Structure formats: structure tokens, C-alpha cells
Amino acid sequence: MKTRITELFGIQHPIIQGGMHYVGYAQLAAAVSNAGGLGIITALTQRTPAALADEIRRCADMTDKPFGVNLTFLPSVTPPDYPGYIKAIVDGGVKVVETAGNNPQKWLPVLKEAGIKVIHKCTAVRHALKAQAIGCDAVSVDGFECGGHPGEDDVPNFILLPRAAGALSIPFVASGGMADGRSLVAALALGADGMNMGTRFIATREAPVHENVKQAIVAASELDTRLVMRPLRNTERVLANAAVERLLEKERSLGAELKFEDIADEVAGVYPRIMQQGDMDAGAWSCGMVAGLISDVPTVRELIDRIMAEAEGLIRQRLASMLGAT
Ligand SMILES: Cc1cc2nc3c(=O)[nH]c(=O)nc-3n(C[C@H](O)[C@H](O)[C@H](O)COP(=O)(O)O)c2cc1C
């Protein structure tokens, strides 16, 4: 399949694996890229720029296909060493950067100068337009369904994607709630040039996370996610668990008085315990409503091949036959 996204990134299928904290390691990114999509390493999961440089090398050893690095700009008192991470990306010969969390304008010149394509992930049409105006090559439009941070506007993809299609001239991918060939065809029909998946890629054999995490996704329905940190205007969609219920109870009881410190036990530094040790109640971890559509743990290649075969079948048979019948 050829779209503006496959052309832009030099990939076979219009499928991107979004950056994911403690999930987006070299082995997952390489598996996605080897299967014809665009795999993405998550920079901030690596403790230092030197560790990121090693991870990029590890990925390049496992694939000769293009892969990307996610740079998430977090609200933080002591920011990570972004210049160091960017140097590791540029020196590592990475071709694509996925930015997220905040306006990447400050970092664009150095990335563009190195010939790196930038896809900015955003949750609102106004932010997508801003990304286009400052020179991003593409955007990833993350609807309300998404795992992670859906923003504060709560606009689901059935509205957000056609709005983005009407407003943008650069290519964009649909993100949030994407799982299979149906998602891809729907995303294309709504005006996107491909799709970005997070949660679906965690439930794959190659995702380097504890088996409990994969099984939790398989067991979850579309009713099992919760929105946390809304009172802090830092909303995150997570899988319901004991820690999340405790966190939500604090949000209810403290109301407008809630501060980050009050919920730090449930959200700060919990990812290694969940993703690596499989301690599923250790804290809040991002998960999309799409968990309700996930019922197996295939290899990345099986997943991507299945998505493409299903998408092509839908277009050639189901949709074409409807036209033929008129
Ligand atoms: C466990 C997990 C961790 C994530 N971590 C990040 C991150 O560090 N940076 C980022 O930009 N997006 C992050 N995301 C968001 C994904 O890249 C992607 O946009 C999102 O998962 C899409 O929604 P979906 O889960 O419905 O596919 C994360 C998502 C999950 C599920």
C-alpha cells in the first residue's frame, strides 16, 4: 500500500509504532521496522544520552530498515538532557523523530539540518496546525480513545480525524484506538495517511515487557480504562487496577486541592515495576480503550501482515462489492 506516509518515511506499510515508555526498546522497534512498519525507540526510557546511543546502535544492528526515536517533552522541574538525547539521535543516523508532549519548535532546526523527518504527536487540530506551521513533516493525531495522554478536549477520532484532514496539508496518521485492518481502512477513509498504534503493539511476542502486561491487555475490555490526573490538566488514560482506584479516590476527596505530590506514589517511577517485574498493581500505566479489541499475542510480523491482508480484503471485497451492488 502506498500513501503519503509510506513515501515520506520510505516504509512498506502505513503503520507506525508510537513511542512507549519502558516498551519502546530496540527489539520492538526493529521488529516493527523489519515487518515493514516504522518502529520507534523511546528516548527517555534510556537513562542517559549515551544509553540512547547504545540502544540506537542495537536497533541498527537488528534492522536495515528505517526506524525512529520518540522524544517526549514533559512538564518537569529539572528537564532531561534534551540536547544530549538529540545529539545521540543525530550521531546515530536516525531518520525519523516522533515528538510529543509539547511544541518541538526549539529543537526543529538541529533535527532538520541533520535531514531527520519529524512527526509530531498531538491531540487537537490547533496543535496539528501549529506543528505544520513550524515545519514538522507530518503529525500523528491522537484521539480521545488513546492510551497515554489524550489531552483535555476529549474529541474522539471519528470527529478529530476528518477535522484534521480538512485543516492540514501535511500527511498525518490516525492514533488512538487502532488495532486491525478495519482501523486502518477507517483511518484512511477519514482522511489519514496511515495509523499509529501503541497498546496493540504491547501485546506482541517481541514487546520486551513482562507477560503479565500482555495478558492484562488481552483480558481487558473497552470498559477497563480510566482517566487519571484530570484535575492537574495532565490527563492520562490508564488500565484500571488497585493503584488507579486509590488514585481516583484521592482525586475525589482532595478536589481542587490535589497536587502532584499527593498521587506521586501511584504514578512516579512505577513503570519498571509494571513493565519489567509484572507487578500489575504497582501503579498507573497507560493503556488504550483498544484493549477491548485485543485478544491475542501474535508476533509483530503476524500482526502487521494480518492488518494489511484484512485492510486489502476490506477495500477490494467488502467495500468494492457494495459499489458493485448499486
Ligand atoms: C504503555 C504506554 C506508554 C506510552 N508512553 C509514551 C511516551 O513515553 N511518549 C509518547 O509520546 N507516547 C506514549 N504513549 C502513547 C503511544 O505512543 C500512542 O500514541 C498511543 O498508545 C496510541 O493509542 P492506542 O494505545 O490506543 O494505540 C504510550 C502509550 C502506552 C500504551
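Predicted model: local features only at pLDDT ≥ 70, side-chain atom pairs only at ≥ 80, totals over all residues.
Tutor: Strands are said to pair if DSSP finds at least two bridges between them. Helices (H or I, at least four residues) and strands (E, at least two) are themselves DSSP runs, numbered from the N terminus. Residue numbers start from 1 along each chain as its sequence is written.

Student: How does the chain cross from strand 4 to strand 5?

Tutor: Through helix 5 (residues 108–113), in a right-handed β-α-β crossover. Right-handed says that, with the strands pointing away from you, the path from the first strand over the helix to the second runs clockwise. Strand 3, helix 4 (residues 82–91) and strand 4 make a right-handed unit too.

Student: Why is strand 4 called largely enclosed?

Tutor: You count neighbours: a residue is buried if 20 or more other C-beta atoms lie within 10 Å of its own, exposed if 12 or fewer, and partly exposed in between, with C-beta atoms placed from the backbone. Five of the five residues of strand 4 are buried, so the rest of the structure largely encloses it. Val 96, Glu 98 and Ala 100 point one way and Val 97 and Thr 99 the other, all of them buried.

Student: And strand 6, how many of its five residues are buried?

Tutor: Five. Ala 138, Ser 140 and Asp 142 point to one side of strand 6, and Val 139 and Val 141 to the other. Strand 6 (residues 138–142) runs parallel to strand 5, with four bridges, and His 120 stands opposite Val 139. Four bridges also join strand 6 to strand 7, again parallel; there, Asp 142 has Ser 175 as its bridge partner.

Student: Which helices complete the β-α-β units with strand 6?

Tutor: Helix 6 (residues 125–134) sits in the right-handed unit with strand 5 and strand 6, and helix 7 in the right-handed one with strand 6 and strand 7.

Student: Let's do a helix. What covers the buried residues of helix 8?

Tutor: The cover includes helix 7 (157–167), strand 7 (172–175), strand 8 (195–197) and helix 14 (300–324). The residues being covered are Ser 183, Leu 184, Val 185, Ala 186 and Ala 187. After helix 8 comes Gly 191, with a positive phi near 115 degrees.

Student: Which residue other than glycine has a positive phi near 65 degrees?

Tutor: Met 229, in the loop between strand 9 (225–228) and strand 10 (236–239). Arg 233 has a positive phi as well, about 55 degrees, and it lies in the loop between strand 9 and strand 10. Arg 233 counts as exposed because it has 9 C-beta neighbours inside 10 Å. Met 229 has 19, so it is partly exposed.

Student: Now the domains. How far apart do the C-alpha centres of domain 1 and domain 2 lie?

Tutor: They are 23 Å apart. The bounds, from an automatic or database assignment, are 4–208 for domain 1 and 211–289 for domain 2. Contact here needs C-beta atoms, placed from the backbone, within 7 Å; by that test 18 residues of domain 1 touch 15 of domain 2.

Student: And where does the ligand lie relative to domain 1 and domain 2?

Tutor: Between them, because each gives residues to the shell around it. The shell takes residues whose C-beta atom, placed from the backbone, lies within 6 Å. It has 29 residues, the closest being Gly 18, Ala 100, Gly 147, Gly 198 and Gly 288. Strand 3 (67–72), strand 8 and helix 9 (199–202) each give two or more.

Student: How many of the residues in the shell around the ligand are nonpolar, polar and charged?

Tutor: Nine nonpolar, 16 polar and four charged. Here Ala, Val, Leu, Ile, Met, Phe, Trp, Tyr, Cys and Pro are nonpolar, Asp, Glu, Lys and Arg charged, and the others, Gly among them, polar.

How values were computed
Contact = placed C-beta atoms within 7 Å.
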